[in-house]
Number of protein chains: 2
Amino acid sequence: MLEPQSALVVLSGGQDSTTCLFWAKAHFARVHALTFRYGQQHVQEVAIAEAICREADVPFAALDVPLIGTLGSNSLTDSTVAMDATKPADGPPNTFVPGRNLFFLSIAAVFARERGIFDLVTGVGQTDFSGYPDCRDTFVRSLNVTLNLAMDAQFRIHTPLMWLDKAETWAMADRLGVFDLIRHCTLTCYRGVVGDGCGECPACKLRREGLEKYLRTRNADVPNT
Amino acid sequence: MLEPQSALVVLSGGQDSTTCLFWAKAHFARVHALTFRYGQQHVQEVAIAEAICREADVPFAALDVPLIGTLGSNSLTDSTVAMDATKPADGPPNTFVPGRNLFFLSIAAVFARERGIFDLVTGVGQTDFSGYPDCRDTFVRSLNVTLNLAMDAQFRIHTPLMWLDKAETWAMADRLGVFDLIRHCTLTCYRGVVGDGCGECPACKLRREGLEKYLRTRNADVPNT
């Protein structure tokens, strides 16, 4: 049974947000997707997100917010900053773009409200949160209240992956019938390699370990005949 | 006694934020100002804010965020929308730019954090809030928590005008020694007329009524000699 209203998915073209796109299609009558050009080095993310939306038959929009990439120092938008391989003890890794999810979701809310949409879907999760403070449940809930107060509206931010680990996210993709699409057509790699990625950056490592864990379970479920 | 740390003022060059700039100078050891080009029709606001900062000897920065003006329909950034003269019964007037203070303060927070500044000052107030939901105290407090969670930081948003009416804001400017500067050099008018303004738009009306009320009190304080 689908919710009769529309939902807007914040889509990056990576594993998590693409899984959320198909989750939204399974839960809402109409789904829209929104992505951002914010100075990320791998701007092909946007073309990938668009191609996924064509495949999913979902209306797609991309907005330019170059400010997000230049406001705070980070290694995702500044190629002169060497990427942290692991999380430093005293804070998030330098792949953290300060305020990114705050801006993405705030812009998404205004964009959605103009179209009469109040259900927002994001792929953030705190199980594998890598030290990013703006992936935590408490941040998303606080932002939800702030958005409602800012515009005197009733937004509902949905976070289907909040408490799932990467293996469970792969399981969800499989249940939604998009395991292969997500495995081969999404871009999670910090080095910009589509699908299984470079295999070495922190994002690839997390994705691959989850995939291997899920595949062990999946194969175990197949009866020996 | 000044607070030893720095503060960042969100400055538009209008009466309220300019009063806050001088309030901040009276309370913090160092003050910075930040303004935005967001597609407002009266972009001379930015030059006015810069001139005020020169006068106040405060470092000034301006950031381009054109998206804010185009995301949501409103009469401040779209000259094809006729301006509401009064607040409609069913919502804020169309001078409301959806998400504006949310974006201004969020951007200010990231900008400030990069410079080791965690005290933010804004001129919003709910006494004369004109139906703008993002001028209310509850919104600012909620956003303060959201910003802290988004960046794992301890921001403090200061709102010196939150509970003052316009007459009390004029009184504050006078106590701070900048009554004449604020009367003649700031831009509050929706039609872009500096100082006392066009006299007819809702912003001018509010400003003038406050000024007249304050001047009656001020003159009454002068002993008859």
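In the predicted model, helix α4 (residues 100–114) of chain A lies across β1, β2, β3, β4 and β5 of chain A and runs at about 140° to β1(A). Here helices (H or I, at least four residues) and strands (E, at least two) are DSSP runs, numbered from the N terminus, while axes are lines fitted to C-alpha atoms, for helices over the stretch in contact, with angles from 0 to 180 degrees between N-to-C directions. Residues are in contact if their C-beta atoms, placed from the backbone, lie within 7 Å. Residues are numbered from 1 along each chain as its sequence is written, and chains are lettered from A and ligands numbered from 1 in the order in which they are written. Because the model is predicted, local features need pLDDT of at least 70 and side-chain atom pairs count only at pLDDT 80 or more, whereas totals for chains, interfaces and linings use all residues.

The sheet of chain A is open and has five strands in the order β3-β2-β1-β4-β5, with parallel pairing; two strands are taken to pair if DSSP finds at least two bridges between them. Its edge strands are β3 (60–64) and β5 (156–158) of chain A, each of which pairs on one side only, and the twist from one strand to the next averages 25°. Within this sheet, strand β2 (residues 28–37) of chain A is joined to β3(A) in the parallel sense over five bridges, and Leu34(A) stands opposite Ala61(A) in β3(A). Helix α1 (residues 15–27) of chain A also packs on the sheet, where it touches β1 (3–10), β2 and β4 (119–121) of chain A, and its direction makes about 170° with that of β1(A).

Chain B likewise holds an open sheet of five strands, in the order β3-β2-β1-β4-β5 with parallel pairing. Strand β1 (residues 3–10) of chain B pairs with strand β4 (residues 119–121) of chain B in the parallel sense over three bridges, and the bridge partner of Val9(B) in β4(B) is Val121(B). Against this sheet packs α4(B), touching β1, β2 (28–37), β3, β4 and β5 of chain B, with a direction that makes about 140° with that of β1(B).

Helix α4 (residues 100–114) of chain B also meets helix α5 (residues 137–151) of chain B, their axes coming within 11 Å and crossing at roughly 40°. The two helices are therefore oblique to each other, given that angles under 35 degrees count as roughly parallel, over 145 as roughly antiparallel, 65 to 115 as roughly perpendicular and the rest as oblique. The contact is made by Leu102(B), Leu105(B), Ser106(B), Ala109(B) and Arg113(B) of α4(B) together with Leu143(B), Leu147(B) and Met151(B) of α5(B).

Chain B is superposed on chain A by a rotation of 180° with 0.0 Å of shift along its axis (RMSD 0.0 Å), the superposition being by least squares on the C-alpha atoms of residues with pLDDT of at least 70 in both. This is the relation of a two-fold axis, and the same surface serves both copies, as 100% of the contact residues of chain B recur in chain A. The contact between the chains takes 29 residues from chain B and 29 residues from chain A. On the side of chain B that touches chain A, the elements giving two or more residues are α3 (66–71), α4 and α5 of chain B, and α5(B) gives the most, with nine residues.

Methods. Two residues are in contact if their C-beta atoms, placed from the backbone, lie within 7 Å.
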